[in-house]
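Welcome! Open the model in your viewer, and let us walk through it one stop at a time.

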Amino acid sequence: MTQPDRVWFNARLATLDPALPGLGVVEPGMVAAKDGRIVYAGPLEERLLRQATERIDCNGRWITPGLIDCHTHLVYGGNRAREFEQRLDGVPYEAIARAGGGIAATVRATRNASEDQLVASALPRLDALLADGVTSIEIKSGYGLDRDSEFRLLRAARRLGQERRVTVRTTYLGAHATPPGCTNLDRYVDEIITDHLPALNGLADAVDGFCEGIAFSPAQIERIFTAAQGLGLPVKLHADQLSNLHGAALAARFQALSADHLECTDEAGIAAMAQAGTVAVLLPGAFYTLRETRLPPIAALRQAGVPMAISTDCNPGTSPMTSLLLAMNMAATLFRLTVTECLTGVTRHAAQALGLHHDTGSLTADKACDLAIWSVTDLAELVQALGARPLFARIWRGQ
Ligand SMILES: [Zn+2]
């Protein structure tokens with residue numbers, strides 16, 4: 001076995017090794033890494049400990065894989081706090097929207113922001129997530145809604161991955177909302193297909209859409225997905241959040257990495273996802289903020305063996321949340337996910353939702369050495385506590 005440059009020993013491991021039951025707990029255990037990759041994770045190996053250049057005593061702390069936030073709209077201009085206040089003061093949403101509020105306000109502020117400004121305003125949000133042990137994050141465009149603004153968002157997202165020690169996956173979400181002033185949505189879809197997607201040139205790792213009565217129709221999404229696949233880009237979908245347009249089944253038909261939200265998904269959609277290996281990404285922050293009452297079909301997803309991931313959905317309107325630990329708590333409290341499901345949902349399953357499961361999301365040999373080390377005595381504390389800061393250390397690529 002390779003001589004490690006660094007080991008973490010005297011630890012309790014939740015390896016998330018798919019070959020082990022539950023969280024793949026090993027205690028006491030150790031993790032050994034070389035050049036940023038895990039070479040060993042398991043029970044104490046005296047020889048590796050002796051050989052390591054650097055030995056870190058974890059004093060019995062828990063180590064999990066670094067957390068993965070697999071669905072965010074982290075980069076945008078402005079904020080919508082004033083609207084939040086107006087709604088609480090009794091101003092109807094309709095009136096706010098008529099006055100140019102809602103998503104249109106974010107689009108306006110985003111279009112007026114430079115790439116530097118977008119990076120600067122997103123950094124505090126990213127830092128908050130990193131303080132929760134996040135080592136990989138997905139960031140979507142979707143507030144530009146014209147080619148230049150969408151691409152500026154994606155470039156800003158890529159730059160965040162250079163500003164901080166974190167893996168960033170970018171997703172093109174031009175089909176997020178109707179662009180301001182657009183009267184023919186099919187024409188905009190044409191523009192996405194002929195003008196946006198072919199020019200991405202590596203700027204996006206995947207293509208997403210919002211399939212909903214108030215957004216894009218299944219037929220429009222299907223055209224975009226067909227074009228994306230023609231360019232070799234994987235797809236994912238905001239599906240069945242407010243109504244059942246059979247978005248989950250549509251996503252599965254295109255072997256989508258994930259279908260997200262899913263409050264209104266039916267049995268057929270779940271069966272299609274199970275068949276296609278599409279991950280269900282649950283977004284309890286949006287459910288909470290919108291005060292939704294219809295729960296996603298957790299029991300049916302569980303029974304069908306659909307992998308469930310949990311994410312913040314960090315965005316300025318419907319989920320202004322920058323804590324993945326809080327998202328886990330909401331998934332447990334609102335959706336009744338178990339502690340094991342919550343932790344798997346922000347590690348191994350979240351990695352799968354990004355197509356990164358060969359690289360991260362579990363403590364197994366050959367994976368990136370992305371770790372979160374926690375000052376808790378029981379892993380359930382990570383899910384139960386509200387507002388706690390239990391992270392002891394965050395390791396990205398071995399450092
Ligand atoms: Zn979203």
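Start at the zinc ion, whose donor residues are spaced H-x1-H-x164-H-x74-D in sequence. Select H71, H73, H238 and D313: these supply the protein donors, through NE2 of each histidine and OD of D313, lying 2.1 to 2.5 Å from the zinc ion. Donors here are N, O and S atoms within 2.8 Å of the metal (3.2 Å for Na, K and Ca); water is not among the atoms, so sites may look incomplete. H71 and H73 are both buried, meaning under 20% relative accessible area, with exposed over 50% and partly exposed in between (1.4 Å probe, protein chains only).

A word on what you are viewing: this is a predicted model, where local features need pLDDT of at least 70, side-chain atom pairs count only at pLDDT 80 or more, and totals for chains, interfaces and linings use all residues. Residues are numbered from 1 along each chain as its sequence is written, and side-chain values use heavy atoms, leaving out hydrogens and water.

Next, select L242, in the loop between β10 (236-239) and α9 (247-253). Helices (H or I, at least four residues) and strands (E, at least two) are DSSP runs, numbered from the N terminus. L242 counts as partly exposed because its relative accessibility is 46%.

Finally, show strand β5 (residues 62-65). Strand β1 (residues 6-14) pairs with β5 in the parallel sense over two bridges; strands pair if DSSP finds at least two bridges between them. Select R12 to find its bridge partner in β5, W62. Strand β14 (residues 371-374) pairs with β5 in the antiparallel sense over four bridges, and there L371 is the bridge partner of P65.
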